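My entries follow the order in which I checked things.

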Amino acid sequence: MKILFLVQKHQRIILDSFYEAIDQNVELCDLRWLDSDEQGNLKRYFQNNVDVAKYDRILCFLRFKKELKQAKFFRSLPNLIFLEHDAYQNYIDCKYKGKFSKHYKRIPGVRVLSSGFNVVQGLKDEGVDAVFVPKGYDNKLLYDLQQQRDIELGFVGSVKSKTYSKRLELLNALAEKESLLITRTNSGEEYLQTLNRIRFFVSADVGMGEYMIKNFEAMACGCLVFAFNQGERENQALGFEDMQNIVLYKDLDELIKKLHYLRKNSNEADAIASAGQQHVESNFTWEKVGKLAVDAMSEPLKQPANKKNNWLFFKGLI
């Protein structure tokens, strides 16, 4: 399979290993890093830089904000696939609520690879061709350093966006009762070192419906992750088992209750952290997730009859 893979040129999360994994599982992966201007005018970019006949799939992992305004152009492309890690916003109270499914339904034949199992089920119910491909982490950059952990309770990540308002609310409420470090770091070495200092990592993806990448990264670094419970279907899809390889909570009271219990039962806490680390190492490295993405792309796509003529129209040939 030969794919054209369009990704964001400037992205805070380092996803090189994910891109490499996709490349390793296809015959050809033409990876293009698009800047903001190129993402905003894909019609022009394709006219000047792309021969779609060379590819079996066109995979877009771009800013949804940019994609949203270009449905007419996307309808012209054959074998189109969107990779999306933020489609959970389709089902939460934010500015993109309902806009993902509306956008996808305007592009007949598109396949969506989404990182949320619940999200995929919701999109399918709305008639979208959606496939679950989980998030993952970079095992080349993030791993257990086997060192002493001097931060008992911590969170590393963003809390400023409106999307994360419930996250901040829960973290602040916890900080009023427990000694909690809330911080941000640069990607790479600083992030690795900080995660390896934390014993109990508090994941507060409140109301998002899926688990963010930080859960996998913290587990890989040997933290015992306390995660807001995203529901039975999501947990089963990821193999998350409460008090076995992760600690799940539905509210602040349950989080604190389990925290106090595991403080008193250090061996059990260590066992859960170890099981979580082994679980993500076995299932969620970008190498493994990249293979899943290629498998999801390989299945035959729905092809509207007018796709070819649409592309010729945008090229100015008819």
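Predicted model: local features only at pLDDT ≥ 70, side-chain atom pairs only at ≥ 80, totals over all residues.

Residues are numbered from 1 along each chain as its sequence is written, and side-chain values use heavy atoms, with hydrogens and water left out.

**Entry 1: H10 and H13**

I took helices (H or I, at least four residues) and strands (E, at least two) as DSSP runs, numbered from the N terminus. H10 passes H13 in a left-handed crossing. I found the axes of H10 (residues 213-220) and H13 (residues 266-283) 8 Å apart, at an angle of about 115°. Axes here are lines fitted to C-alpha atoms, for helices over the stretch in contact, and angles run from 0 to 180 degrees between N-to-C directions.

Which residues make the contact? On H10 they are Phe 216, Met 219 and Ala 220, and on H13 they are Gly 276, Gln 277, Val 280 and Glu 281. Contact means heavy atoms within 4.5 Å. I sorted these residues into four nonpolar, two polar and one charged. The classes are nonpolar for Ala, Val, Leu, Ile, Met, Phe, Trp, Tyr, Cys and Pro, charged for Asp, Glu, Lys and Arg, and polar for the others, Gly among them.

I then checked burial, where buried means under 20% relative accessible area, exposed over 50%, and partly exposed in between (1.4 Å probe, protein chains only). Eight of the eight residues of H10 are buried, so H10 is largely enclosed by the rest of the structure. Among them are Lys 214 and Glu 217. Gly 222, which follows H10, has a positive phi near 90°.

**Entry 2: the sheet**

I traced an open sheet of six strands with parallel pairing, in the order S2-S1-S3-S4-S5-S6. S2 (28-34) and S6 (129-132) are at the edges with a single partner strand each, so one side of each has no neighbour in the sheet. Neighbouring strands are turned by 20° against each other on average, direction ignored.

Strands count as paired if DSSP finds at least two bridges between them. S4 (residues 80-84) and S5 (residues 111-114) pair over four bridges in the parallel sense. Glu 84 has Ser 114 of S5 as its bridge partner.

H7 (residues 117-125) packs on the sheet against S5 and S6, its direction making about 165° with that of S6. H14 (residues 286-298) lies across S1 (2-8), S3 (57-61), S4, S5 and S6, and runs at about 160° to S5.

**Entry 3: two residues**

I picked Leu 80 in S4. Leu 80 is buried, with a relative accessible area of 1%. Beyond four places in sequence, its contacts include Ile 58, Phe 74, Val 110 and Leu 301.

Ser 17 is in H1 (residues 16-24) and is buried at 11% relative accessible area. Not counting residues up to four places away, Ser 17 touches Asp 138, Lys 140 and Trp 286.

**Entry 4: the whole chain**

I counted 15 helices and eleven strands. Buried residues make up 53% of the 318 residues. The C-alpha atoms fill a box of roughly 75 × 35 × 30 Å along the principal axes.

Notes: Left-handed = near helix turned anticlockwise from the far one by under 90°.
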